Amino acid sequence: MLAILGTVMIVVFTYLIMAKRLSPIASLTLVPVVFAVLGGFRGKLGTMIMDGLKLVAPSAALLLFAILFFGILIDAGLFDPLVEKILKIVKGDPVKIAMGTAILSLLVALDGDGTTTYMIAVSALLPLYIRIGMNPLILATVSMLSLSIMSGMTPWGGPATRAIAVMGLDASEFFIPLLPTMIGGALWVVFTGYLLGKRERRRIGIADIQHKKVDPEILSQLAAAQETVYNDGSASIKRPHLRYFNLLLVLVVMTVLVMGLLPAPALFLVGFIVALMINYPNLDLQKERIAAHANNALTVVLLVFAAGVFAGILSGTKMVDAIAQALISIIPDSAGPLFPAIVAITSMPFTFVLSNDAYYFGVLPILAEAASAYGVSPIEIARASIMGQPVHLMSPLVASTFLLVSMVNVDISAFQRFAYKWAILTGVVITGLALITGALTLL
């Protein structure tokens, strides 16, 4: 009975999100509450909700402070010199342009936000693509693959945050074993840019751009993109004299994170406060910078807490246990040791047809519970679940995908036809890297 009730709850939850009948936050909160009452758990409802909120609180804090930390550093112009340098170096060579696209979008994607990544990368480079006649689908594809690596694997990116939150995992324990996979994945994206650029070089050759200085039109496009993203067209928020300090701050934060000297939420809180105080000592300007990022940060944090309600009720009612037992009964015992690899591969089609909310909050807990019967750690299932993100980001369910295709002025179906093989290949590559480096294991 509980298995049926839980399955129906997940189906209803998925439908309401997919059909856009309810927002993810509303669906994550209301659907489990209604089904808990229908299942006779009204008396335990408050306890289950609070248990779920406690479970996701560290992840919510991490996400909040990481978004603010990277947002402040991008506001201050930490990456501006790199952007300009890339534009000067690539000139008219399609290979350099495609590889520069990968490097730029990988760095911008550090804040985990697809909108920011696409706005800056596409606005900075699209005029150059058009000027020399390169296919803008290369720009779209490489930017998308970059986002899938950086946003998909970092614990402040959407997919990993959902996986960590819904399963109550430690962010550092989840992320640090994935670092070699993420670095390898980033190198793969740069190599993909090389392959696509080489193909374009054969088609159009190397364009002759006479002036070594960056085209003012390109820089103005970049400035316009940054103004749109950060809602502030004033150059007064830039801090070029503090770039070396900001770079050192990022390196210190990442080093401490890898060494595990501080819990990730506390680390990013301290990093954010230091970045804010040093770059914007004026109190009014501090309030403005926080407010500029508050909308994005608050929305995501609310989503995480709503996920806590869903996870708390799914676990507290034992629905997830019942569904997992039903799933185990139909899985051959011989497939048990392959569970991480199975989850990694199936996450590609699952996350293409399901939103991240539906997959991570509805399907992942069931997969993790089923895998535990074979001795597979939940943290491995969480890591495996993010391997399908390169394919997920082609999905029409992803809002930032529509922004991307609109910016490069192509139809989404044309983008999917061009990008799908590279997305699938990237998913396979990072899965292989995770297995080789031990982030995922085969028992």
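What share of the contacts in the protein with a separation of 6 or more comes from residues 24 or more positions apart? The share is 82%, where contact means heavy atoms within 4.5 Å.

Some ground rules. This is a predicted model, in which local features need pLDDT of at least 70 and side-chain atom pairs count only at pLDDT 80 or more, while totals for chains, interfaces and linings use all residues. Residues are numbered from 1 along each chain as its sequence is written, and side-chain values use heavy atoms, with hydrogens and water left out.

The protein has 21 helices and zero strands; both are DSSP runs numbered from the N terminus, helices being H or I with at least four residues and strands E with at least two. Of the 443 residues, 56% are buried, that is, under 20% relative accessible area with a 1.4 Å probe, protein chains only. The accessible surface is about 18000 Å², and carbon and sulfur atoms hold 68% of that; the areas come from the Shrake-Rupley method with a 1.4 Å probe.

Next, the core. A nonpolar core here is a set of buried Ala, Val, Leu, Ile, Met, Phe, Trp, Tyr and Cys residues joined through side-chain atoms within 4.5 Å. The largest one has 140 residues, and Phe-69, Met-144, Phe-174 and Phe-268 have the most contacts inside it. Helix 3, residues 45-75, gives the most to this core, with 13 residues. Another core, of six residues, lies apart from it and includes Phe-41 and Ile-313.

Take Met-144. Leaving out residues up to four places away in sequence, Met-144 touches Tyr-118, Pro-390, Leu-393, Met-394, Leu-404, Phe-415, Ala-419 and Ala-423.

Now helix 7 and helix 21, residues 412-437. Their axes are 10 Å apart and the angle is about 35 degrees; axes are lines fitted to C-alpha atoms, for helices over the stretch in contact, and angles run from 0 to 180 degrees between N-to-C directions. The crossing is right-handed, meaning the near helix is turned clockwise from the far one by less than a right angle.

Conventions:
Buried < 20%, exposed > 50% of the residue type's maximum accessible area, 1.4 Å probe, protein only.
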